[in-house]
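Hi,

Here is the structure I promised to pass on.

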Amino acid sequence: MTENKARADGTLSIEKKTIYLQEFAIFQSLGRAFLMHVQSHRIQPISQEEYAFLSPLAGQWQAEVGVGECERLLALGLLSLVALSDAKVLAKDTRLSRALIEATPITNFVLHVAQCCNMACTYCYAHGGDFHNPGMMTVETARACIDFMMAYVPADKRLVVSLMGGEPLMNFPVVRECIRYGEEKWPGRIVFRVVTNLTLLDEEMLAFLEAHHVEVTVSMDGPPEYQRRNRPLRNGGDSYAAVVDKIAMARGRLKMSGSATQYAGDDRGAVDRELEALGFSTRAVRIVRNSSHGRQGLDDFAQRLIEDAAWIDRQGRTILSAIARRDAAAVREVLDDPFHGQWFRFCLTTPASTDRKHITFCAAAREEVGISTDGDIYPCAQFNEMKDYRLGSVYTGFSRGDFGLHGAIHNPKCHRCYARYACEGFCMNQAVSLAPPDCDCPPAFYIPPEHCALQKVRLGIHACLASLDGDAAQWLREDVLTNNE
């Protein structure tokens, strides 16, 4: 890679030669510099002087260097014996991603048993619950769905079947038959879940769901003012009172979790506290991020991503400062945050460097599919009745196509992104809503720039928190983490 030649006077001259570089990136986070070996997904702290040395070489596959520079690059593990290229890396990623998808059987099925709803949620991505094709699943189609799953899923796998709508309790006879038929044909192998607004629950339904140990996710948007504004009943009734009464009715008899959707300006803490007060130990709060609320909804979502990145950055600085002061109470305050506390805990206990690379995108058509009332198969529940994305039918079979492949394969903006193997991608259905008209990749593989920025902030903070010195790490283990279970 370098060549030494003898001069006439007996001294040596060093000629620069072209060397091959590993794919690497350098980045800064919270005042610290890091080197990332992209292909091996290994991250290491480096000095600011090393950062400056590597800056001109970052993003290159080959470079001309002298022997001294070559030795430094060798010490950092950045030299390669093989000439890499964007095309070679892309081909490798495509091959590995396809192999993983083919080796991963789908085990999560969402059955839209009712494409209609008794609510008129303001943000509904499903056109008021009917997906532009109102209807009810028949008993025959429900059985065909179960038969399809039995033929498709390997016999040693358990599967999860989620019954939803619209509002699934509007078609409870099919909910009941689907569960009965599944348990008869595949006893002990199917976990059934129902996703519902719960307002139509009666004692007969409750008794059946309880007897069959069905898990229930309750869609409820928190405080009365949010619930009534976001999720009005079509009959004009009080949606907050209706759902709270049914939650009380089912409490202690059903295994329930709470799921809320909020607008960007709403108080996430108030939503979470309301769900907790209603008895939901497991709860999720999501923000509106589709085009159902027009351009404003999309802009609100982008703004929330920006705010999340800034908030996580501030919390990262807070927790590092607290660790430096050995302030256990301040660290625990960050770890107790209902939205990001678990993530910060993960950063403190899990290496940022890992052999596990994300070479697939979201779970759509990789781990999960959605099935319409007519038995048509789509990549996930949110793609239901989007005919351009139909994958097949429970009657004729299906093909997953490119769904599930990593976004870097289809999105040119991801091809050389250093965070692409750490990024879990973006919801492919929401990407379709958010993709601009001049998008340079298939809309399902679009990633909003605000989401990219957030992912890089998270990666940087994870690198900082996972590379604490020995004394700080020991203090965290002994004085904070063991007392924060």
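Let's start with helix 5 (residues 172-185), which lies across strand 9, strand 12 and strand 13 and runs at about 170° to strand 13. Helices (H or I, at least four residues) and strands (E, at least two) are DSSP runs numbered from the N terminus; axes are lines fitted to C-alpha atoms, for helices over the stretch in contact, with angles from 0 to 180 degrees between N-to-C directions.

Before going on: this is a predicted model, where local features need pLDDT of at least 70 and side-chain atom pairs count only at pLDDT 80 or more, while totals for chains, interfaces and linings use all residues. Residues are numbered from 1 along each chain as its sequence is written, and side-chain values use heavy atoms, with hydrogens and water left out.

The sheet is open, with 10 strands in the order 16-15-14-13-12-9-17-18-19-20 and mixed pairing (two strands pair if DSSP finds at least two bridges between them). Its edges are strand 16 (283-287) and strand 20 (397-398), each pairing on one side only. Strand 15 (residues 255-262) runs parallel to strand 16, joined to strand 16 by five bridges; Ser259 has Ala284 in strand 16 as its bridge partner.

Helix 4 (residues 139-152) packs on the sheet too, touching strand 9 and strand 20 among others (contact means heavy atoms within 4.5 Å). The axes of helix 4 and helix 5 come within 9 Å and cross at roughly 35°. Residues meeting there include Ile146 and Met150 from helix 4, and Val174 and Tyr181 from helix 5.

Cheers
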